[in-house]
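Thanks for coming, everyone. Let me put the model on the screen and walk you through it.

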Amino acid sequence: MTHDLVIRGGTVVDGTGAAATTADVAIDDGLVTEVGAIHGSARREIDADGRIVTPGFVDIHTHLDAQLAWDPIASSSCWHGVTSIVMGNCGVTFAPVAPGGREFLAEMMESVEDIPAQSILDGLSWNWNTYGEYLDEIEALPKGVNVGGMVGHCAVRVAAMGERSLDEDPATAEDIAAMVPMVDEALDAGALGFSTSRTFLHRVPDGRYVPGTHAAEDELLAFADSLGRHGGVFEASARLGGRNDPEGRFTRDEIHMYGDISRRAGCPVTFGLTQVDIVPDMHLRVLDHVAEENAAGAHIRPQTTSRQIGILFGLTGRTPFDRADGWRDLRDLPDRPTPVSRTCRSTGGASSRCPTTRSDTTWSAARASPPRPNAAACPSPRPGSTWRSNWTAGGSSPCRSSTSASSRRSGCWSDPRSSWASPTPAPTPSRSWTPASPRSSSPTGCVTRAGSPSRRA
Ligand SMILES: [Zn+2]
């Protein structure tokens, strides 16, 4: 027979754990139909001698939530063989969003993942309120990779609690009652799970920890109940070890809580785990704790990276020294390039005092013209699709009809839930969220930030 495509002579690693073998691979109508010595002809052949031939990789921890809007092939992941991605990790997502919330969510993503907030604001349509509506938007985009996403705790908390979402005080029963329907809606609409951030590495621009960092166990167990009803994965950027936990007691409690969540929901729990020099054997202890919990009926699967994490630091961005007094003095010197602030961005850097640095230029380019996909650079074997879980049949969103007491609470985020009953977002949402205690302001109006070093984890 004549195949559509034959990839000849590559080293096939089929992903089953089987040993690598030299073989041909035939593809017909988009599916692998034969692996071995293929003698038939093909309409197209690829000589893969000296190459490895594998199924596409699934990257289960990405923050491509915004990038997909202007880069549907998800570069540079696809250059490394990734054909399916999961976004919405670490609690940071762009849905659900209440009026006035989009800038906060964009700036939080910039602070946590170093993705320019203005590019996020300009690159996305923001034509949604609920997570399901966000998935509709993603589904309608042209994509070169398959995409699935988790609903983020930060966004849920901000939509329900507004500014109070950043407080260290625990959420009230009323707050939890407002949040759970949002998670239900997201999972019902096809979210692959729920994600949260508990690490002290993730902060909003003014230095406070991202919403949900201090969430008490009862709040997280309420989300576990939602996962129990709908199915899905619980993903956490976990709080593990460090200087404040030399004996590992808090780390043990953290893993035990994940065990409780997994047993209660019957769901898998996953979190990132790497070896760190501060506590060189902590990862081994964590794995022991995980084994204990799994032996007690939990299903916890830590993730790790396939290589070291690399971070580029520069004077125009956040650095590890930002909270040191000595560095603060240097940072405020008049001739020193200041970090690119929202003020400079909103004026296109028009002020003579705004920096004209590489990151400013990068931002300007992104704002003026989001990079266009270069299909030739990264051909996709087939158009990507949006994964949606099908754990439950579809239904109406409970959020849309919610009239919880929190929706009537006034504050900076006045009536944050009111938009849930509205079919369209507010026309010109204003940014009402204000940092509680900006660390410093330079005379240029370009706010200097005192966040933590950016970490992609
Ligand atoms: Zn992450």
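One definition before the sheet: two strands pair if DSSP finds at least two bridges between them. Helices (H or I, at least four residues) and strands (E, at least two) are DSSP runs, numbered from the N terminus.

Now the ground rules. This is a predicted model, in which local features need pLDDT of at least 70 and side-chain atom pairs count only at pLDDT 80 or more, while totals for chains, interfaces and linings use all residues. Residue numbers start from 1 along each chain, as its sequence is written.

The overall count is 11 helices and 14 strands. Of the 457 residues, 42% are buried. Buried means that 20 or more other C-beta atoms lie within 10 Å of the residue's own; exposed means 12 or fewer; partly exposed is in between, with C-beta atoms placed from the backbone. Next, contacts: two residues are in contact if their C-beta atoms, placed from the backbone, lie within 7 Å. Among contacts with a separation of 6 or more, 75% come from residues 24 or more positions apart.

Leaving aside residues up to four places away in sequence, F57 touches G81, V82 and T83. S77 is 20 residues from F57 along the chain, and their C-alpha atoms are separated by 9.4 Å.

Now β9, residues 193-197. Is this strand enclosed or open to the outside? It is largely enclosed by the rest of the structure, because 5 of its 5 residues are buried. In a regular strand, side chains alternate between the two faces of the sheet. Here both faces are covered: G193, S195 and S197 are buried on one side, F194 and T196 on the other.

What does β9 pair with? On one hand, β8 (residues 146-152), in the parallel sense over 3 bridges. V151 has F194 as its bridge partner there. On the other hand, β10 (residues 233-237), again in the parallel sense, over 5 bridges. F194 stands opposite F234 in β10, and T196 has A236 as its bridge partner.

Next, helix packing. Two packed helices are described by the angle between their axes and the distance between the axes. The axes are lines fitted to C-alpha atoms, for helices over the stretch in contact, and angles run from 0 to 180 degrees between N-to-C directions.

Take α5 (residues 173-189) and α6 (residues 217-230). They pack at about 30 degrees, with axes 9 Å apart. These two are therefore roughly parallel. The cut-offs: under 35 degrees is roughly parallel, over 145 roughly antiparallel, 65 to 115 roughly perpendicular, and the rest oblique. The crossing of α5 over α6 is right-handed. By definition, a crossing is right-handed if the near helix is turned clockwise from the far one by less than a right angle, and left-handed if anticlockwise.

Who makes the contact? From α5, I176, V180, V183, D184, L187 and D188; from α6, E219, A222, F223, S226, L227, R229 and H230. By class, that is 7 nonpolar, 2 polar and 4 charged residues. Ala, Val, Leu, Ile, Met, Phe, Trp, Tyr, Cys and Pro count as nonpolar, Asp, Glu, Lys and Arg as charged, and the others, Gly among them, as polar.

α5 also holds A178. A178 counts as buried, because it has 25 C-beta neighbours inside 10 Å.

The second pair is α6 with α7 (residues 249-265), at about 30 degrees and with axes 8 Å apart. That makes α6 roughly parallel to α7.

Last, the backbone. Most residues other than glycine have a negative phi, and most peptide bonds are trans. The bond joining S75 and S76 is cis, with omega about 5 degrees. S76 lies in the loop between β6 and β7 (82-87). A95 to P96 is cis too, with omega near 0 degrees.

Then two positive phi values. D29 has about 50 degrees and is exposed, with 7 other C-beta atoms within 10 Å. C90 has about 65 degrees and is buried, with 31 other C-beta atoms within 10 Å.
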